[in-house]
Amino acid sequence: DQSLSLKASRHPVVEQSVGREFVANDVRMDREQCLLLTGPNMAGKSTLMRQVALSALLAQMGSYVPAYEARLPVFDAVYTRIGASDQLSEGLSTFMVEMTETAAMLKSATSKSLVILDEVGRGTSTFDGMCLAQSILEFLLKEVRCLTLFATHYHELTSMDRFWPQIMNAHMTVSDRGGEIHFLHTLTEGPALKSYGVQVAELAGLPGSVTKRAKSLLKEIERQGPASGTQLSLGASLDPASAVSDEDDGRRDALEALVGQIRSLPISQLTPLEALNRLAHLQESCHGLS
């Protein structure tokens, strides 16, 4: 029936190399459904998608599958668009390679295929990439109608579930305590609340002045909002003095972010346990704001 169910699914290679207990996840997809994954880098989106694809390959070749229980259909192909690469000697940029591979995928995939798309459209300008990502996803949902795992940083796409019931929004959970983030690697229903890109950059070791300035620019862009039909503009934020904010501004921004998280909670979609976990997370976020 082209449905897929993995209980306590793991990645057979990553599990051997992480040096700690691998966080297993359940993945359930019915016929023609798309799992739309949002959330920060390093949270585990790519690992989850790849372990689903690897489980499909292992099951189809008659091997053991790294899961407590696995029920998978017979796929005619597995198509993936993951990572960045170029072919400069042939005059092909990273984005051209991405689009060429995606075009071949859309032409060849059938309703019995498994499609894995990771951050498609990121190689061009913000709005071009977002529009391409949405139209590619719509084509898969309407024309191909296959099982699809689609990871993106374009959070605007999460609203597509209102028009496409095949879409299941999900994210990999992150613990955020006082601006310090920890990746929990647990698949949870609903879209991610934020991307944590600057926090990930901090973990990577970027100079504090760089990440502080990035936070200031991000706040300015979020406050202004992009003009319709234009690219994001940093023109109003180019003054170096704008990088300095006082404690009151930081507290106000933190409160606004907290209110935004509360407003975006998908209450009707949460289980009681998930609701309690979200409430505990919000309560922890309130520490230091009083």
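Tutor: Just after H2, Gly 62 takes a positive phi of about 85 degrees. Before going on, note that this is a predicted model, in which local features need pLDDT of at least 70 and side-chain atom pairs count only at pLDDT 80 or more, while totals for chains, interfaces and linings use all residues. Residues are numbered from 1 along each chain as its sequence is written, and side-chain values use heavy atoms, with hydrogens and water left out.

Student: What makes H2 a helix of the expected span?

Tutor: Helices (H or I, at least four residues) and strands (E, at least two) are DSSP runs, numbered from the N terminus. The expected span is 1.5 Å times one less than the number of residues. H2 has 16 residues and reaches 23 Å from its first C-alpha to its last, close to the 22 Å expected. For H3, with 15 residues, the reach is 21 Å, close to the 21 Å expected.

Student: Why are S5 and S9 called edge strands?

Tutor: Two strands pair if DSSP finds at least two bridges between them. The open sheet of six strands has the order S5-S6-S7-S3-S8-S9, with mixed pairing. Strand S5 (77-81) and strand S9 (180-189) each have a single partner strand, so one side of each is left without a neighbour in the sheet.

Student: How do you know that S3 pairs with both S7 and S8?

Tutor: Four bridges join S3 to S7, and five join S3 (residues 34-38) to S8 (residues 167-177). Leu 37 has Ala 151 as its bridge partner in S7, and Thr 38 stands opposite His 171 in S8.

Student: What makes S7 an enclosed strand?

Tutor: Buried means under 20% relative accessible area, exposed over 50%, and partly exposed in between (1.4 Å probe, protein chains only). Five of the five residues of S7 are buried, so S7 is largely enclosed by the rest of the structure. Leu 147, Leu 149 and Ala 151 lie on one side and Thr 148 and Phe 150 on the other, so that both faces are covered.

Student: Why is the S6 to S7 crossover called right-handed?

Tutor: A crossover is right-handed if, with the strands pointing away from the viewer, the path from the first strand over the helix to the second runs clockwise. Here the chain crosses from S6 through helix H4 (residues 126-144) to S7, and this β-α-β crossover is right-handed. S6 and S7 run parallel and are joined by five bridges; Leu 114 has Leu 147 as its bridge partner in S7.

Student: What makes a group of residues a nonpolar core, and which residues have the most contacts inside the largest one?

Tutor: A nonpolar core is a set of buried Ala, Val, Leu, Ile, Met, Phe, Trp, Tyr and Cys residues joined through side-chain atoms within 4.5 Å. The largest has 27 residues, and those with the most contacts inside it are Leu 4, Val 27, Leu 37, Leu 114 and Leu 149. Its largest share, five residues, comes from H2. A second, separate core of 23 residues includes Val 115, Val 120, Met 130 and Phe 150.
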